[in-house]
Amino acid sequence: MIAWLTSTDHKKIGIMYIVATSFFFGIAGILAMLIRTQLATPDMTFLGPHAFDQVFTIHGTAMIFLFVAPFGLGLANFLIPLQIGAPDMAFPRLNATALWLFIFGGLTVLSGAFASGGAASSGWTAFAPLSEIRISAGAGQDLWIVGLTMTSISSILTALNIVVTVFLLRAPGMTMWRIPIFSWEMVATSLLILMAFPPLVTVFAMLLIDRHLGGQFFDPAHGGNPVLYQHLFWFFGHPEVYVMILPYFGVVTEIVAVFSRKPVFGYVELVLSAFAIAGLSMGVWAHHMFTTGAVTNLFFSAMSFLIAIPTGVKFFNWIGTMWKGSIEFSTPMLFVIGFMLNFLIGGITGVMVASPPIDFHAEDSYFLVAHFHYVLGGGSLFAIFAALYFWFPKIFGVKLSERIGKWTFGILFAGFNLTFFPMHFMGIEGMPRRVYTYPAIEHLPLLNALATIGAGLMAVGVLLFLLDVVVSVRKREPVGDDPWGGYTLEWATSSPPPEFNFTSLPPIHSERPVFDLHHPAVAAEVTP
Amino acid sequence: MPLFDPASVQAQTLRGDWEIFFGAAVVVAIIMFALILLPLLLWRRRGDALPPQFKKNRSFAYVYILTPFALVAVLFYFTFVKERSVDALVPSPYATVDVTAFRWSWQFVYPHARIRIVGTPQQPPVLVLPLGKITQVNLTSVDVNHAFWIPYFLFKRDAIAGMTNHFDLTPTRLGTFRGLCAEYCGLDHTLMTFQVKVISDADYRRWLATAGKSTP
C-alpha cells in the first residue's frame with residue numbers, strides 16, 4: 001500500500017490514474033442515470049430543480065475534467081515510456097505530484113456535495129455572471145473552482161512531462177518517424193494542454209477574485225464583460241475537446257493496425273493531421289459563441305470547417321489500414337469499429353453546427369447534446385474500452401474474457417445509440433439542454449423514453465465490463481507477453497513489465513519493432 | 001416539427017441551410033459507413049498468412065484530402081449566403097420590441113405604443129407579432145446570460161447583460177408558437193418560457209391601440 005502511495009514508477013502512476021478516473025466515471029455515470037430517470041417521462045418529480053442542476057453540473061464536470069481527458073493522460077503515463085523504450089518518464093517525482101494533485105482536485109470538486117447549498121450548479125462551463133457570488137453563493141462553486149484549478153495544474157505538469165519524455169528519452173534507433181502513433185498523438189495533446197490550460201487557470205483565478213475580492217471582471221455594471229468569460233473559457237474549451245479525442249485517435253490507430261495485421265496506412269499523414277487538428281483547434285473557440293452576437297461568426301465557421309479535413313484524413317487512413325487486411329474481430333477491434341461508426345456521426349453533426357445558420361437553432365438544444373455525446377461517448381468512451389481490453393493483459397498480466405467482452409460491446413453499442421440518436425430530434429423539436437422537465441408535445445415523450453431505456457442498457461454494459469474484470473482477474477489465465485501480436489515496444493517486455501521496463505530491447509528499424517522481430521523476412525521486404 | 005414547417009421568412013432561409021447540410025450529411029455518412037464496413041465484410045482473417053503490407057498510396061491521398069476540402073468550401077459558401085441574409089437588418093422595421101430577459105422570465109416593451117408586458121415563471125408572457133411584417137427585436141438581459149429561442153423560427157440569440165442584440169423576425173403563419181430560454185440561467189431556467197402570438201396586421205393595430213391604453 002505505502003509502496004503505491006509513494007511510488008514514482010510511471011506504470012504504478014498510470015494504473016492509479018486509470019483506477020481514479022474509472023472511479024470518477026462511475027460517479028458521473030450514476031449521475032447520468034439520475035438525469036435520464038428524471039427525464040424518462042414529462043411529469044417526473046424524481047429530482048427537484050436544485051438537485052437536478054447539481055447533478056448535470058457534476059455529471060459534465062466529472063466526465064470531462066475527471067474522466068475522459070485524464071484517462072488519456074493516465075494511459076499515456078503507462079504506455080509512453082514502454083512504447084519509446086524508456087525506463088520511466090523524464091520527471092518521475094513531478095509525475096507523482098501531478099497524479100495526487102489530480103486525485104485531490106477531483107475529490108475537492110466532489111466534496112461540494114457536502115457543502116451548504118450543495119455542489120456547484122452552474123453547469124460544467126460555469127459561465128459568469130451565473131457563477132458569480134451574488135447568484136451562486138454556495139461554497140460548492142468555490143470547491144469546484146479550486147478543485148478544477150488543481151486538476152488543470154496537474155494536466156499542465158503531465159503535459160510537460162510527456163513532451164520532454166518523448167523528445168529526450170527515446171531508445172537508440174527510435175527516430176522521430178518511428179515513434180508509435182499513440183505517443184505522437186499524446187505529444188500533440190500535450191502541446192494543446194500547454195497552450196489551452198493556462199487560460200483556464202487564469203479565468204478560474206479571475207472568477208475567484210470576482211467572488212471573494214470584489215473584482216468586477218465579468219460585471220457590466222462596473223465595466224466588466226460577461227462575454228470575456230466565454231472567450232477565455234472557450235479558448236481553453238475547444239482545445240479541450242481535442243485533448244479528449246487525440247489520445248483516442250492514437251488508441252484506434254494502433255489497434256486497427258494490429259487487428260488488420262498490416263502496418264499503419266499513411267503514418268506520416270496521421271502524425272501531421274494530429275498537429276493540423278491541434279493547430280486549427282486553437283482558432284475555433286468562438287464557434288461556441290455563434291449566438292452571442294459578439295463574435296465574427298463566419299471566420300470561426302470557416303476555421304471549424306477546416307478541421308473536417310485532417311479528421312477525414314484519419315478516417316481514410318484507418319480504412320486504408322483495414323483495406324485488404326486480415327481482420328480479426330477481437331473485442332478491442334469491435335470497440336474500435338464502434339468508435340469509428342459513432343464518431344463519424346458526431347463528426348458530421350459537428351460540421352453541421354459549425355454553420356451558424358444551423359447553430360442558431362441547434363445551439364444549447366438536445367441536438368448539441370447528441371452531437372458532443374457522439375464525439376465523447378460514442379467516440380472517446382468506446383476507444384477507452386478498446387484500450388482497456390487491448391492493454392489489460394500488458395498492464396495486469398491477465399486477459400479479459402472475449403466472450404463477455406463481445407456482449408459488453410454489443411450492449412454498449414446498442415444502448416449508446418438508443419440513448420443519444422433520439423436526442424438529435426429532441427433538439428430539433430425544441431428541447432433545450434439543462435432542463436429538468438419538458439412539455440408533452442410533438443415526439444418529446446417518446447424520444448425521451450427511448451433515451452432512458454438506452455441509458456439503462458448502457459448501465460448494464462458497464463456492469464458487465466466490471467463482471468468481466470472480476471471474473472478474469474480471479475481466473476488468472478496466463479496469456480504470455482504478447483497475446484495480440486502487437487507491434488510496438490510495450491509488447492517486447494513481460495506482462496506486467498518489470499521495474500524500469502526492459503532488460504533488453506529489440507533492434508528498432510521501423511515504427512513496429514516487435515512485428516519486425518517476429519517476421520524478419522517481411523520486415524526486410526517492407527522496411528527499406 | 002419546426003424543420004418541416006418553419007414559421008418566419010428568416011426561418012425559411014435557415015431551413016435552406018439545414019436541407020443542404022442534411023443532404024450532404026446523409027451522402028457522406030452512407031459513403032463513409034460503406035467504406036468502413038466493406039473491409040470488415042471482405043477481408044476477415046482466414047489463416048495465418050500475412051496480408052500485403054502496403055503503407056501508403058500517394059495518388060489516393062490527393063483524393064481524400066482534396067475531396068473534403070472541396071466539400072467544406074461548398075458548405076461554407078452556403079453558410080456565408082444564409083448567414084448574411086438572416087443577419088441583415090432592415091433600416092426601418094414595421095414594428096420594434098425591446099425584449100429584456102431576467103431570472104426567470106421576460107419583459108416585452110413596444111416602445112412606440114407604450115406597451116410593457118412582464119411575465120413570471122408561472123405566467124409566461126405573450127409576445128405579439130404582426131403577420132408578414134418585419135419586427136425588429138432589441139434583446140438584452142439584466143442579470144445572467146439567457147437565450148431567446150423560438151423553435152418554429154429556427155432561431156435563437158443570447159441575451160447578455162451590458163450589450164444589446166438586434167434581429168428581425170417576419171412571421172409567415174398565424175398562430176401561437178412556443179418560445180423559451182435556451183441558455184441555462186439557474187433554478188427556474190426550465191420555466192422561463194413565453195408564447196409568440198402571430199396575428200393579422202389589422203388585429204395587431206387594434207391590439208396596439210387597446211393594450212397601449214390599458215398599460216400604465
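This is a predicted model: local features need pLDDT of at least 70, side-chain atom pairs count only at pLDDT 80 or more; totals for chains, interfaces and linings use all residues.
**Aromatic rings**

Over all chains, the structure holds 79 aromatic pairs. In one of them, the ring centres of Trp285(A) and Phe300(A) are 5.0 Å apart and the ring planes stand at 65°, so this pair is edge-to-face; the angle required for that class is over 60 degrees. Trp285(A) belongs to the loop between helix 9 (267-281) and helix 10 (297-322) of chain A, while Phe300(A) belongs to helix 10 of chain A, so the pair ties together parts that are 15 residues apart in sequence.

Another pair is made by Phe416(A) and Phe420(A), with ring centres 4.9 Å apart and planes at 40°, so the pair counts as tilted. Both residues lie in helix 14 (residues 402-428) of chain A, and they are 4 residues apart, about one turn of the helix.

| Residue | Relative accessible area | Class |
|---|---|---|
| Trp285(A) | 19% | buried |
| Phe300(A) | 9% | buried |
| Phe416(A) | 0% | buried |
| Phe420(A) | 10% | buried |
| Asn165(B) | 5% | buried |
| Thr37(A) | 27% | partly exposed |

Trp285(A), at 19%, is classed as buried because the cut-off for that word is under 20% relative accessible area.

Phe416(A) and Phe420(A) are also members of one aromatic cluster in chain A, which includes Phe335(A), Tyr374(A), Phe382(A) and Phe465(A) among its other members.

**Charges over rings**

Rings also meet charged side chains. In chain A, the charged end of Arg512(A) is placed over the ring of Tyr487(A), 5.0 Å from the ring centre. In chain B, Lys156(B) lies over the face of Trp149(B), and the distance to the ring centre is 4.1 Å.

**The contact between chain A and chain B**

The size of an interface is often given as the accessible area lost when the parts come together. For chain B and chain A, the area buried between them is about 7400 Å², with 71% of it on carbon and sulfur atoms. Chain A gives 91 residues to the contact and chain B gives 78 residues.

Between the two chains there are 2 salt bridges. One of them joins Lys55(B) to Glu511(A), whose closest N and O atoms are 3.5 Å apart. The count of residue pairs in polar contact between the chains is 26. On the side of chain B that touches chain A, the elements giving two or more residues are helix 1 (9-42), helix 2 (58-87), strand 7 (155-159) and strand 9 (175-181) of chain B. Helix 1 of chain B supplies the largest share of that side, with 16 residues.

**Two single residues**

Asn165(B) is part of strand 8 (residues 165-169) of chain B. A polar atom of the Asn165(B) side chain lies 2.9 Å from the backbone oxygen of Asp158(B). Beyond its neighbours within four places in sequence, Asn165(B) is in contact with residues of both chains, including Thr291(A), Thr292(A) and Gly293(A) as well as Val137(B) and Arg157(B).

Thr37(A) is located in helix 2 (residues 10-38) of chain A. With neighbours within four places in sequence left aside, Thr37(A) is in contact with Met44(A) and Phe46(A). Between the C-alpha atoms of Thr37(A) and Asp364(A) the separation is 21 Å, and these residues are 327 residues apart along the chain.

Conventions: Residues are numbered from 1 along each chain as its sequence is written. Chains are lettered from A and ligands numbered from 1 in the order in which they are written. Side-chain values use heavy atoms; hydrogens and water are left out. Rings of Phe, Tyr and Trp (its six-membered ring) pair if their centres lie within 6.5 Å; planes under 30 degrees apart count as stacked, over 60 as edge-to-face and the rest as tilted. Buried means under 20% relative accessible area, exposed over 50%, partly exposed in between (1.4 Å probe, protein chains only). A charge sits over a ring if NZ of Lys or CZ of Arg is within 6 Å of the ring centre and within 35 degrees of the ring normal. Contact means heavy atoms within 4.5 Å. Buried area is the accessible area (1.4 Å probe) that two parts lose on being put together, summed over both. A salt bridge is a side-chain nitrogen of Lys or Arg within 4 Å of a carboxyl oxygen of Asp or Glu. A polar contact is a pair of N or O atoms within 3.5 Å; within protein, one must be able to donate a hydrogen and the other to accept it, and residues adjacent in sequence count only if both atoms are side-chain atoms.
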